[in-house]
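Q: Please show me how to read some features of a protein model.
A: Here is the model; we can start with confidence.

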Amino acid sequence: MFDIKRKTIEWAGRPLTLETGRIARQADGAVLATYGETVVLATVVYGRQPKPGLDFFPLTVNYQEKTFAAGKIPGGYFKREGRPTEKETLVSRLIDRPIRPLFVKGFKNETQVIITVLQHDLENDPDILGMVAASAALTISGVPFMGPIGAARVGMIDGELVLNPAIDQMGESALDLVVAGTQDALMMVESEAKELSEEKMLEALMFAHAGMQPVIDAIIDLAEHAAKEPLDFQAEDHSDVVASIKSLVGEEIKAAYAHPGKYERRSGVDAAKKKAAEALVKTDDKPEGVDSSKFSAAFKECEADVLRRDIIENSHRVDGRALDKVRAIVSEVGVLPRTHGSSLFTRGETQALVVATLGTGEDEQYIDSLTGTYKESFLLHYNFPPYSVGEAGRMGSPGRREIGHGKLAWRAIRPMLPSREDFPYTIRLVSEITESNGSSSMATVCGSSLALMDAGVPLARPVSGIAMGLILEPSGEFAILSDILGDEDHLGDMDFKVAGTSEGITSLQMDIKVAGITKEIMQQALTQASAGRLHILDEMSKAMEAPRAELGEFAPKIESIKIAVDKIREVIGSGGKVIREIVEKTGAKVDIGDDGTIKIAANEQEKIEAAKAWIQSIASEPEVGTIYSGKVVKVVDFGAFVNFFGAKDGLVHVSQIALERVANPADVLSEGQEVKVKFLGFDDRGKTKLSMKVVDQETGEDITDKINAERAERGEAPLSEDTGGRPKGDRNGGDRGRRRRD
């Protein structure tokens, strides 16, 4: 019944198996991939005819994680998987980016790739396996796909590069690098690093490329036994239309691209397009003309050719800059003074308004993943409103692009953040792209760094980012462009983004539109990006060189204390009664960790101190001989009760109120009065003993020695703390006690 084809190899110390013919047999291509004990199913279905009227390739990639894969039931009321998680969205993009350029040019048939995680062993991340499975499914499906690709993750542990490290190893890694590529070249890069040098990053890239070759060979071997007949597809020839457009408006397109301003440039190009369309596009009056979708594709090709040849032959960019020159930069901080931190970063016609907000443990985001639920204390959200490009458009929830760009900036900034122990805040950054003409994600990195420093977050070093472009001709000629414009991105061959500090790279992302780039190109791009990144850091330093020494007045203050784990229950109280009372009466937020770490937050230091003292009074005992500030809570005929240690009260006996005799405590003390007391210990019944008379009520100084010196001069016995500060040998209140016995 089943015609199963299977290929198994040993890859980075674990078995990788690719299987087809048993599951999802009605799909054009279906591969069940197993790595370790993680199992992923990838399917491919494509239309046999192009969708009419499209001038783009309608490829959809959906990566989905089923909770049953990890033996879990979804949370929430409906108990089924809902909208894609952030990771599912990011991995969908991760798979889409390297496969999209490898479809035959001109193929516009609707194509859908679905990758489903069926089993997760909690050791091998399914994202790499998903890319491998998708590549294999495409290769055997018959779709015009010029693959296969391989993929690999590289970590760096103790200075050594590691291929496909397990999930628990990544906590020790200074690098999280994901690479996809063909046999000959790299196609896609995504990474987070702890200030790696350009040389080390290039070494890691080549290590990943070599590491994925056995997988590519395995896919080819599987395809030799299981591939379907390829679709008979011939790309539409636009050369005649391109030639006609060039002859009609080629010079006008070139003149339009000489304008440095985005809108003047687009107006010139639009005018040229309209003129060419009037002459060439089919209408009711001109049935022999060119179809509109064919014309659009040909015009874009003509436009790209004009731009690219000018760069290759004349080193002339759209806005007249040299190939390695960065646009003018203006950096500002504190633009929204009531926020915790803010910046406005402008580079040419790209601008990001970034705002930093500091919160407490209550503000951490709970993330439910296949490996378990965890809390994230650093959030970065990127928004791209339509007005940023001068358009009116739909406003809605963040799309894949917004989520992807935000995650790239998050990876770039995170390695430079202080540890939770040193800075116990939840940090949220929001980047509002207010203008866009090239690399708004890198503007977000720069603006985020400035906003954090403006907020007083102790970044290890400022971070900047730059987007590089590539023009690669079939002849092998190429030009690498620093700080690309939107047009250079759309009509070029590579989007290569590098973020980092003065010491090294913190994040690297690469997408290409051709069949891969070589080590030589990658090396030159990294070198040129390094110079640009350092230049941008210098420009940013004109606004702010280092984080502010203190948090802003509107930011919450947070202090951490540690208590014994067995005291946590007492601090929380039955049903949370105690902790609720602490929060309500002090006005501070209190977050209690499982390890006994307690974070106390408030806008005023007095509230923090009040909550801290209360918690310490529950979780610890006062120290004998220590002076405390307290408040009289009740006056009785034999003394006064003083609240002196959080919620703890103690008795100041009438004999301990003052050095002179006190007949009626109410004559000296009143409820609510602030006093200073010395903790003397506990009496035989376990009651707390306090003394006021041995403490200078003005300075809080312990004057026991001074009193005893004066008593010695008078020939009197010294005070004894063992007897509550009374003279030694007297257990009944000195002279007063003797008079009572008489």
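Q: What does the protein chain average in pLDDT?
A: pLDDT is the predictor's confidence in each residue, from 0 to 100. The protein chain averages 89, and 97% of the residues score at least 70. Over residues 728-742 the pLDDT is below 50, and this stretch has 17 contacts (heavy atoms within 4.5 Å) beyond near neighbours in sequence. This is a predicted model: local features need pLDDT of at least 70, side-chain atom pairs count only at 80 or more, and totals for chains, interfaces and linings use all residues. Residues are numbered from 1 along each chain as its sequence is written, and side-chain values use heavy atoms, leaving out hydrogens and water.

Q: Why does Asn164 count as buried?
A: Buried means under 20% relative accessible area, exposed over 50%, partly exposed in between (1.4 Å probe, protein chains only). Asn164 is buried because its relative accessibility is 4%. Among its contacts, leaving aside neighbours within four places in sequence, are Trp11 and Tyr35.

Q: How many aromatic pairs does the structure hold?
A: Rings of Phe, Tyr and Trp (its six-membered ring) pair if their centres lie within 6.5 Å; planes under 30 degrees apart count as stacked, over 60 as edge-to-face and the rest as tilted. The structure holds 17 such pairs. Phe423 and Tyr425 have ring centres 4.6 Å apart and planes at 35°, so this pair is tilted. Tyr628 and Phe644 are edge-to-face, with 5.5 Å between centres and 70° between planes. Both Tyr628 and Phe644 are buried.
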